[in-house]
Structures are given as C-alpha cells and as structure tokens.
Amino acid sequence: MTDTEKPINFIQQVINADLEAGYVSKVVTRFPPEPNGYLHIGHAKSICVNFGLAADNGGSCNLRFDDTNPEKEDEEYVNAIIEDVRWLGFQWQADICYASNYFDQLYSWAQLLVSEQKAYVCELNAEQMREYRGTLIEAGRNSPYRDRPASESLDLLEQMKVGAVDEGSMTLRAKIDMTSPNINMRDPVMYRIKKMAHQRTGDTWNIYPSYDFAHGQEDAIEGVTHSVCTLEFAANRPLYEWFVANLPLPSQPRQYEFGRLNLNYTVTSKRKLKQLVDEKHVEGWDDPRMPTISGLRRRGVTASSIREFCDSLAVAKTDGVVDMAQFEHFIRNDLNNNARRAMCVINPLLVTLANYEPDKVEAFVVPGHPNRDDLGERTLPFGRQIYIDRNDFSEDTTLSRKKFKRLVIGDYVRLRSAYIIRADEVIRDAAGEIVEIVGAIVPDTVGQDAPEGVKARGVVHWVSAADSADCTVNLYDRLFNKAAPDAGEESFLEHINPQSLSIISGCKVEAGLAHAAAEDHYQFEREGYFTRDSKSKGLVFNCTIGLRDNWK
RNA sequence: UGGGGCGUGGCCAAGUGGUUAAGGCACCGGGUUUUGAUCCCGGCAUCGGAGGUUCGAAUCCUCCCGCCCCAGCCA
C-alpha cells in the first residue's frame with residue numbers, strides 16, 4: 001500500500017483554518033444544479049469536490065436545485081439529476097433542497113432591502129438598462145428610478161408579484177454602485193417578471209429571483225459554510241457578499257471558486273449538449289456518445305472510474321483542458337480490475353477443424369477473470385466448427401511471426417483457453433470471398449504447452465459455431481473530430497464525427513452471455529470492454545472502450 | 001484602455017526562499033504473459049519573458065507577454 005499523500009487543495013486549506021479558528025464547527029457544502037439539462041462529466045467533478053469536501057471533514061453536502069428560472073427548467077431534469085447523483089454514489093443530507101422552497105423568505109428580504117433604501121423598482125426596459133449600465137471601461141449612470149420613495153417601490157414590487165405589471169417593464173434592483181469597476185455591482189437585477197408557472201410553485205409567483213439575489217441566501221438558509229463553485233462566478237462574489245452583509249441571514253456562508261473540468265474532443269456545456277439532443281445529432285441525453293453521466297453510464301463507464309478520475313484532478317484556479325486519455329485510463333483501470341472476461345467474435349469467420357470428431361463437444365471451464373478468483377468460472381463449449389475474427393486471419397504467408405501474431409495458412413495459433421490449431425485451406429464462395437478456413441487442432445494442447453516443433457504465432461479469441469449467441473455490437477468513436485470543438489468561429493456542430501457510431505450485427509458471443517444483464521461489464525478479450533445496452537430489446541453490447549493497443 | 005483570475009515537460013499537476021523540480025496521463029525503450037491487454041523495469045522539464053533582492057528563487061519585488069471570466073430582466 002503506497003498511500004501517496006493527497007495534496008491539500010486551497011479550499012481544504014481554508015477549511016482547515018476555519019475549523020482551527022472555530023469559525024465553523026461542521027462543514028456544510030452543496031451541489032446546486034439548475035434543472036435545465038442533464039448532468040455531464042464536468043458536473044461530476046463539482047459533485048466529487050463538494051461531496052468530497054463534506055465527507056473529508058465529517059460534514060454534509062446538500063443536493064439543491066437552483067430552480068429560479070422556470071423558463072428553462074423541467075421536472076424531467078430534476079429526476080434525471082437525482083438519479084445521476086445517486087448512481088455516482090453520493091448521498092445528500094436529509095431532504096433534497098430547492099431554491100423555490102425559499103421564495104417567500106427571499107421576497108420578504110427583498111422588501112426589507114427596499115424599505116432600507118437598498119433596492120428599488122426600476123422601470124427601465126432591457127435595452128435602456130444596458131445603456132445605463134455602461135461598459136467595461138465606462139462607468140454606468142444611475143437609473144432615473146433609483147431614488148424613488150421606498151413606499152412606492154414596495155407597492156410596485158407587490159404589483160409585480162401579483163401579476164399586475166407587464167413582463168419586461170419593471171425589475172427590482174439592488175442599489176449598489178453604478179460606477180463600480182465590477183459590472184455585477186452596477187445595480188444588479190434581483191427580481192424579474194415572468195408570468196409563467198413554475199414546476200414546483202405553480203402560478204403562485206409572477207416574479208422570480210435572479211441567481212445573484214438567491215444563491216447566497218439559499219446557502220445561508222441551509223447553513224452552508226463553504227459555497228464552492230466554478231471560476232466564472234468569481235466576479236459575482238462581491239455581490240454575493242453584499243447580500244450576505246446587508247441581510248439578516250441565519251448564517252454567513254463564504255464563496256470559493258475552482259477551475260471547472262474541460263475535456264478535449266467533447267463539449268461540456270448544457271446548452272450545447274441540449275442542442276445535440278434537440279437537433280437529433282445524437283439519440284438523446286443518454287446516448288452513449290454523450291459526456292453526460294447517463295450517457296457514460298449507458299456506454300458502460302463505471303461510477304467508480306468517474307469518481308477516481310475526478311479525484312485525480314486538481315481543485316485549483318487554473319482552467320485547463322484535460323486529455324480524454326486521462327479519463328480513459330481510469331475507465332480501463334477499473335474495468336480491467338473488475339470486469340469479467342468473455343469472448344465475442346465481432347467479424348465471424350468459420351473455421352472447421354477437420355481432425356476433430358464431428359459430434360464431439362468439449363466444455364472448457366475457465367476463470368471469469370485472470371486474477372480474481374472471486375469472479376468465478378465460466379464454461380466454454382468447443383466443437384468441430386468455431387468462429388474466429390476475420391482480422392485474425394491473413395492470406396499473406398510472408399508476414400513475419402513478429403509482425404502478425406495470428407493465423408496464416410500452414411501455421412499455428414493458440415485458441416484462447418483451448419487448443420492450438422493450424423490453418424490448412426481457404427474456402428471461397430462464388431464471389432471469391434473467403435467463407436471458411438479448414439484446419440486442424442493439435443491434440444493435447446488445452447492447458448498445456450505446445451509440443452516439439454509446434455509454435456503458435458499468438459493467441460486468438462474464438463467462439464463455438466454451434467453453441468454461441470448472435471448479438472449486435474455498437475462501436476464508438478469520438479463524437480467530435482476536433483480537440484476543441486467549440487473553439488473557432490464556426491459552430492461546434494461542424495466538427496461532429498460522422499463515424500462516431502458503427503453498428504455491427506451478426507457478431508457471435510460466447511453462450512454464457514446470451515442473458516447478460518444490462519449494465520454488467522465485460523472485457524471481450526483482445527477487443528475491449530463492453531456492457532449490455534440498457535435500452536435495446538435484443539442482445540446488444542456497447543463498447544465502453546477498447547483495450548490499449550501498443551503495436552503499430 | 002476597467003475589474004477579477006491564471007501562467008511548472010505534449011496534457012493534468014505537486015511545490016508557500018535551500019529537495020537530484022513529486023506524482024499521474026501520453027509517449028519511447030526493455031522484460032513477463034495462453035488477452036499484441038494487464039503487470040514489471042528504465043527513459044522523458046529548470047519552472048511564460050526580462051530585470052532585481054538574496055550566500056541561495058519555480059517560490060520575494062518590478063516591468064513586460066500570453067490565456068480565461070465579467071457589459072442576460074441566464075446560471
């Protein structure tokens with residue numbers, strides 16, 4: 001056991017200091033997705049960071065839906081998110097939280113700010129507000145409504161709330177500083193009118209709080225001590241702190257930001273993923289090519305490999321792009337250690353072993369995993385006719401043993417866990433296509449070394465022709481053929497890889513897998529890791545990832 | 001040209017004035033192997049640039065360069 005010390009990231013350092021100074025006694029974090037799409041691998045890092053920080057410090061983490069904008073949200077998403085977080089292996093504290101649970105409290109806090117002249121109802125429309133806001137290098141100007149009496153704002157706010165005011169014509173704004181170099185502090189919007197039913201509060205509200213007016217207060221209500229989010233919210237922190245300082249909150253949460261996870265050859269933006277789904281470039285949010293949690297799951301990626309991968313990533317302020325190969329390493333590592341072995345011939349080529357008795361059948365009992373006795377054994381039926389992969393046979397007999405460790409006429413190859421065989425003859429159909437190989441077994445070679453004079457070129461996987469199951473295999477390539485699909489001027493859609501999915505039917509898998517359970521993981525030896533698809537009716541396996549391939 | 005943040009090998013990343021500058025991924029050699037897998041050995045950087053402080057700097061200071069975020073009634 002090499003317990004490599006995990007570096008203490010900057011947030012943990014803050015926590016250590018807070019714990020030591022007695023500022024906090026119990027660490028409380030939260031994972032706060034907006035239910036406007038499915039979770040993806042980027043969220044997984046955030047989930048691991050937030051739940052991990054809580055677990056590492058004996059604290060707790062809330063799952064909270066930041067449902068402040070009914071326009072984009074849907075119950076389908078909340079259910080999917082709950083399922084994904086659970087599947088990833090995390091347990092939130094007590095009940096699931098919703099920003100919408102705090103709408104009443106938020107409203108009365110808004111009234112308080114108005115009454116203290118720290119907020120006002122503004123009648124500038126969107127375009128005017130933009131003009132008044134100024135630019136990055138020019139200060140903004142005060143709204144003409146900025147100094148209206150509190151009583152007037154209070155009354156208008158109530159009218160906004162009950163639906164007596166048109167959408168877009170009024171907002172509630174915090175009165176901070178229109179000349180602030182931080183644009184977020186230039187009288188930000190606290191409430192906007194949306195005459196729209198909310199998935200949880202129905203028609204109760206005609207106004208909804210903005211992210212900035214809601215988030216810190218949600219944290220405070222829940223007793224969140226360390227509100228950990230991604231870098232792009234850093235500029236919102238002063239505003240977060242302004243509300244915390246100006247409201248009588250039950251606790252004083254603090255916000256910290258770390259770099260979000262970016263992976264090459266894919267996109268991790270809910271907006272873009274939704275576009276892929278809506279425009280049918282993929283089959284759905286859980287399409288195995290998607291970087292969504294549900295897509296990865298259906299693809300056969302394990303929850304534990306996602307966790308291990310995320311834990312290998314730094315919690316820091318650098319924003320880089322992680323190589324997909326790093327993720328793949330953790331996927332293979334977990335599957336290699338835990339997936340049962342099996343054989344599946346993807347492009348079947350019939351081989352008849354002429355010296356094997358026609359009706360004879362043997363059953364070889366072999367391990368389920370080369371070094372995991374606890375994974376049991378499996379039985380491989382063997383007979384006179386078998387299938388091997390077409391790629392494991394070549395008519396080119398000049399290929400050196402080193403270059404081609406597979407079957408050629410006149411030479412030997414080991415059938416994995418079975419006999420050494422020799423190929424003698426090729427049989428073709430009318431079109432000249434090879435349809436069968438006739439060969440012979442070398443007797444007494446099962447579980448034994450090759451006799452004198454026989455040297456197998458290599459090992460090849462196979463399946464009994466008489467006793468195997470037909471199946472379909474889905475092979476995947478990367479969804480985008482450009483490392484940074486969303487980098488250039490052009491749309492990321494232009495970089496979609498048209499060959500990202502290959503459906504191969506007529507594959508032959510060892511008999512024992514005819515009733516494989518969905519989401520069970522297997523290594524098809526010499527091919528890769530596969531899992532039975534959870535949505536298809538027939539026997540369909542999705543290729544999670546191929547084996548490493550070190551030969552040129 | 002405003003504000004905030006960041007720059008350590010191809011990628012991720014430790015490092016918080018004195019170490020031969022951790023580790024992982026990738027890659028390149030070699031060994032083992034009934035999976036061209038796994039496993040095992042070995043190789044692979046002077047820290048964005050330039051000055052300065054210091055006996056000593058990736059770590060401190062100055063200037064410069066580059067990248068990211070902020071001008072939604074999105075989050």
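**Pockets and a sheet**

Q: How do the residues lining the second largest pocket divide into nonpolar, polar and charged?
A: Keep in mind that this is a predicted model. The second largest pocket holds about 850 Å³ of space and has 30 lining residues. By class, these come out as nine nonpolar, 10 polar and 11 charged.

Q: Which element gives the most to the lining of the second largest pocket?
A: Strand 1 (28-31), helix 2 (41-56), helix 7 (211-222), strand 8 (226-230) and helix 9 (270-278) each give two or more residues. The top contributor, with five residues, is helix 2.

Q: And which element gives the most to the lining of the largest pocket?
A: This pocket has about 1,400 Å³ of space, and 47 residues line it, with Glu 527, Ile 545, Gly 546, Leu 547 and Asp 549 nearest the centre. Elements supplying at least two residues include strand 23 and strand 27. With five residues, the biggest giver is helix 12.

Q: At about what angle does helix 12 run to strand 27?
A: Helix 12 (residues 324-338) lies across strand 10, strand 25 (521-524), strand 26 (528-532) and strand 27 (540-546). Those strands belong to an open, mixed sheet of seven, ordered 10-25-26-27-23-24-11. Relative to strand 27, the helix runs at about 120°.

Q: What is the bridge partner of Tyr 476 in strand 24?
A: Strand 23 (residues 468-476) and strand 24 (residues 501-510) run antiparallel, joined by eight bridges. Tyr 476 is partnered in strand 24 by Leu 501.

Conventions
Residues numbered from 1 in each chain as written. Chains lettered and ligands numbered in written order. Predicted model: local features only at pLDDT ≥ 70, side-chain atom pairs only at ≥ 80, totals over all residues. Heavy atoms only, no water. Pairing = 2+ DSSP bridges. Helix = DSSP H or I, 4+ residues; strand = E, 2+ residues; numbered from the N terminus. Contact = heavy atoms within 4.5 Å. Axes fitted to C-alpha atoms, helices over the stretch in contact; angles between N-to-C directions. 1 Å grid on protein atoms, 1.4 Å probe; cavity = no way out; pocket = protein on both sides within 12 Å on 5 of 7 lines; lining within 4 Å. Points joined across faces, edges and corners; volume = space filled by probe spheres on them. Nonpolar A, V, L, I, M, F, W, Y, C, P; charged D, E, K, R; others polar.
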